[in-house]
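Please look over the sequence and the 3D structure shown here before reading on. The report is written for a reader who has not seen them before.

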Amino acid sequence: MTPGVNMSPHRFHSMIAVVLGCLLCFGLSETVAQATKPNILVMYIDDISPRELGFYNAPSWVGGDDLESTDENLRAKTPMLDMLARDGVYFTKAWAAPACSRSQAMLFTGQFANLTERYLTSPIQIGHLARKAGYRTMWVGKPGMKTADLLEFGFDEGLFSPNPAFRPPSPYSPEFRIERVTRDGRQVNINADTGKRAFARPQRSHLWKPHVDLINFPGTTENLTYWPNTDKLSSEYGLSTYGPDVLCSITINIINHSNSSNPIIIFHKPNLGQKSFNFIQPEKGNDYPPTPKLTWDEATRSYTRSNVTITGSAGSYETEGINDGGLHRQIEYVDYMLWQYVEQLKKSGIMNNTVIILASDNGTTGWGKNSSERQKGPHVPLLVYAPGMNLTKQGKQEELVNVGDLLPTLADIMGVEDVLEKPVKYEKNGVSLWPYLTTSKRHHRNMVYSCIREKQMIRGKMVMQDGNGDWWRVDQEAEDYDSYPSITDWSALPIKFRRERDNLIRIMKKCDV
């Protein structure tokens with residue numbers, strides 16, 4: 001079974017079932033899996049604040065051009081995420097960095113944002129850790145970096161979409177990119193599909209007719225190989241090929257190529273939630289391009305994906321089976337992707353030996369991304385779903401969490417926490433969440449820290465300083481996660497507030513960027 005231009009949901013789901021059945025044949029039965037280490041899926045979505053997800057119950061969200069929308073028609077419907085949050089745990093006070101690159105580096109290295117301007121600040125990252133634990137490692141989706149050697153991060157195999165910037169554009173999608181050229185003696189960005197000027201950054205499509213690279217893919221002779229990589233796949237590839245579907249289907253195919261019964265860890269960045277150039281509707285420029293239409297049936301708790309047909313050329317396209325686009329539609333597609341994984345893991349009998357972690361890298365574009373105001377930039381959703389792991393917490397959690405905590409958490413889950421405790425010469429800031437999630441432990445950590453450029457921000461249990469140097473009272477959570485009371489008269493507050501402030505200032509001095 002291979003991914004194609006317009007794979008029907010029935011064919012796609014059947015493929016996953018076959019592959020996961022193969023995994024059982026290779027030894028990942030429920031009995032064997034429970035006796036070994038759990039499989040792990042880390043889904044790291046782009047540019048989504050907690051307020052965009054319904055289970056956070058914020059009173060407003062981004063809807064079209066309105067940053068404070070209350071239009072329910074523009075709010076994502078996420079029945080799968082709602083279930084994972086209800087039956088798993090989700091955190092209301094999780095921080096990353098206000099921009100994507102540092103945030104992903106925080107997750108990989110377990111360090112605060114002031115140390116992660118470049119990825120290789122830590123000798124032990126997720127891929128290396130997983131290999132030491134005997135895991136098969138896959139990196140699926142957005143690379144999230146421009147020049148780093150992607151083979152240095154310890155992942156055995158995977159795929160990147162769009163393909164890394166240091167690689168030439170995919171020869172299968174030469175027109176779906178924004179390129180920088182010289183015209184009349186000036187540097188301008190143009191849409192290669194139309195030849196017209198585009199007011200968008202240089203980029204390659206990762207949604208419709210995507211640019212995709214395979215890394216160490218079975219049957220290939222090079223570390224990085226363009227996808228589609230067979231004559232059959234090439235004949236099926238076209239305008240109606242949707243990048244997130246490729247990520248799903250190739251992930252399953254990569255698993256199917258493995259004869260190992262080792263547990264699997266997948267770092268999955270689906271590249272949904274981030275604005276990008278709309279190549280099939282170029283007049284809209286940089287926005288949230290449409291996705292295939294989805295229908296949710298509450299009675300059967302299942303999704304149906306529409307068949308998609310896109311025809312045309314040079315910026316003029318006819319479409320069938322897609323929606324009107326928007327941030328909410330891309331979030332809904334993340335929900336659809338998760339539904340596919342969860343349903344098939346259940347059918348295979350290995351859901352109870354799988355841990356799913358979902359987080360975002362920074363706040364929503366226009367609302368929080370790159371912001372130093374209050375916690376708009378670093379505040380992110382964080383969800384953990386592990387039905388067979390006997391978690392001692394459930395539902396909403398108000399503990400402070402840093403994205404850098406996920407590296408030691410994964411070390412605990414994989415049983416190699418001692419690797420991070422060895423005396424290597426680099427600063428470790430992450431604290432494992434696993435004891436909080438699996439024991440009677442009542443508190444996780446006392447502060448979270450982040451920064452953007454020279455601006456530092458820090459939050460304790462009672463007070464917070466943002467990147468503009470303003471202090472806010474946060475001992476009571478704001479309904480919208482933003483409207484905190486400003487602190488102007490410290491003498492009016494109990495001494496414990498001032499003591500926490502002084503301690504946070506000392507920490508910021510140590511982290512000074």
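The sections below cover helices, a loop residue and salt bridges.

## Basis of the model

This is a predicted model, in which local features need pLDDT of at least 70 and side-chain atom pairs count only at pLDDT 80 or more, while totals for chains, interfaces and linings use all residues. Residues are numbered from 1 along each chain as its sequence is written, and side-chain values use heavy atoms, with hydrogens and water left out.

Helices (H or I, at least four residues) and strands (E, at least two) are DSSP runs numbered from the N terminus. Helix α8 has 22 residues and spans 32 Å from its first C-alpha to its last, close to the expected 32 Å; that expected span is 1.5 Å times one less than the number of residues. Of the 22 residues in α8, 18 are buried. Buried means under 20% relative accessible area, exposed over 50%, and partly exposed in between, with a 1.4 Å probe and protein chains only. G349 follows α8 and has a positive phi, near 85 degrees.

The axes of α3 (residues 79–87) and α8 (residues 327–348) come within 7 Å and cross at roughly 60 degrees. These axes are lines fitted to C-alpha atoms, for helices over the stretch in contact, with angles from 0 to 180 degrees between N-to-C directions. From α3, the residues P79, M80, L81 and L84 meet D335, L338, W339 and V342 of α8, where contact means heavy atoms within 4.5 Å. Seven residues of this contact are nonpolar, none is polar and one is charged. Ala, Val, Leu, Ile, Met, Phe, Trp, Tyr, Cys and Pro count as nonpolar, Asp, Glu, Lys and Arg as charged, and the others, Gly among them, as polar.

## Helix α4

Helix α4 (residues 100–109) is largely enclosed by the rest of the structure, because nine of its 10 residues are buried. Among the buried residues of α4 are C100, R102, M106 and F108. G110 comes after α4, and its phi is positive, near 75 degrees.

## A buried threonine in a loop

T241 sits in the loop between α6 (231–236) and α7 (243–256). T241 counts as buried, because its relative accessibility is 1%. The T241 side chain reaches the backbone nitrogen of G238 at 3.0 Å.

## Salt bridges

The whole structure holds 26 salt bridges. A salt bridge is a side-chain nitrogen of Lys or Arg within 4 Å of a carboxyl oxygen of Asp or Glu. K369 and D47 form one through their side chains, at 3.1 Å from N to O. K369 is in the loop between β19 (354–360) and β20 (379–385) and D47 in the loop between β1 (39–45) and β2 (61–63), so the pair ties together parts 322 residues apart in sequence. K369 is partly exposed at 24% relative accessibility, whereas D47 is buried at 0%.

D156 and R131 also form a salt bridge, with their closest N and O atoms 2.9 Å apart. D156 lies in the loop between β5 (136–141) and β6 (157–160) and R131 in helix α5 (residues 126–132), 25 residues apart. Both count as partly exposed, D156 with a relative accessible area of 26% and R131 with 45%. R301 and E298 meet in a salt bridge at 2.8 Å, N to O. R301 is partly exposed at 32%, and E298 is partly exposed at 49%. A network of salt bridges links D46, K142, K269 and D361.

Technical notes. Polar contact = N/O pair within 3.5 Å; in protein donor to acceptor, adjacent residues only side chain to side chain.
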